[in-house]
Amino acid sequence: DMGAGQERFTWFSQGTPSIYDPVFPTALKHIYDNSSLDLDFELFNAFAPYSGRLNVDENDDMDATWQEIASAIGSDLASLRNAVLPLAACYSIADHSRSLLFALADGALPSNVGGGYNLRVLFRRAQYFLDTYGIDTTLGELCRVHASYLQREFPFSDEALDDVERILRVEGEK
């Protein structure tokens with residue numbers, strides 16, 4: 001393993017502005033189909049080459065950087081954020097739901113300690129985005145979408161998927 005990340009090869013071979021589009025096609029379609037978001041892919045695509053400048057670990061003034069990027073691509077700041085943030089939320093939901101699928105199907109549980117806490121944070125962040133952007137689906141449904149797409153490589157049993165949905169439902173009730 002050279003540390004490049006398998007999914008990067010998929011991304012590079014597809015030539016898309018983000019890694020999420022070729023890695024999560026069915027989950028993203030499900031998210032888009034179950035939302036009324038007016039996503040501006042053209043503005044996001046113009047933004048994508050600059051997105052690395054928004055690394056919180058390397059940036060002392062995020063607001064100024066957002067403004068610089070908006071100016072560089074000929075957009076106003078409000079339009080840029082209105083294009084980027086909902087799409088970033090969709091990408092996060094797709095990524096987090098797949099992570100939850102694998103971890104929960106392997107027997108991990110959300111909790112208040114250790115790795116279980118990380119699962120709880122992923123669940124809450126994804127659920128927050130679903131609620132904030134009015135996306136009419138559940139994380140359990142998204143896990144089933146992922147499982148169907150990944151079936152050849154990772155054949156999840158119906159029992160495991162039922163357990164995943166049940167765990168996510170209980171976590172949502174908390």
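**Figure 1. Gly114 in helix H7.** Gly114 is part of helix H7, which covers residues 114-132. The structure shown is a predicted model. Gly114 has a relative accessible area of 54% and is therefore classed as exposed, a term that applies over 50%.

**Figure 2. Gly114 and Arg8.** This view pairs two residues that lie 106 residues apart along the chain, Gly114 and Arg8. A distance of 28 Å separates the C-alpha atom of Gly114 from that of Arg8.

**Figure 3. The helices of the protein.** The protein contains nine helices and zero strands. In sequence order, its elements form the pattern α-α-α-α-α-α-α-α-α. The radius of gyration is 17 Å, close to the 16 Å given by the globule rule for 174 residues, so the protein is as compact as a globular protein of that length. Along the principal axes, the C-alpha atoms occupy a box of roughly 50 × 35 × 35 Å.

**Figure 4. Interior and contacts.** Of the 174 residues in the protein, 37% are buried. Among contacts between residues at least 6 apart in sequence, 61% link residues that are at least 24 apart.

**Figure 5. Surface and charge.** The side chains include 13 that are positive and 27 that are negative.

How values were computed. Residues numbered from 1 in each chain as written. Predicted model: local features only at pLDDT ≥ 70, side-chain atom pairs only at ≥ 80, totals over all residues. Heavy atoms only, no water. Helix = DSSP H or I, 4+ residues; strand = E, 2+ residues; numbered from the N terminus. Buried < 20%, exposed > 50% of the residue type's maximum accessible area, 1.4 Å probe, protein only. Rg over C-alpha atoms; globule rule 2.2 N^0.38 Å. Contact = heavy atoms within 4.5 Å. Lys, Arg positive; Asp, Glu negative; His and termini not counted. Charge placed at Lys NZ, Arg CZ, Asp CG, Glu CD.
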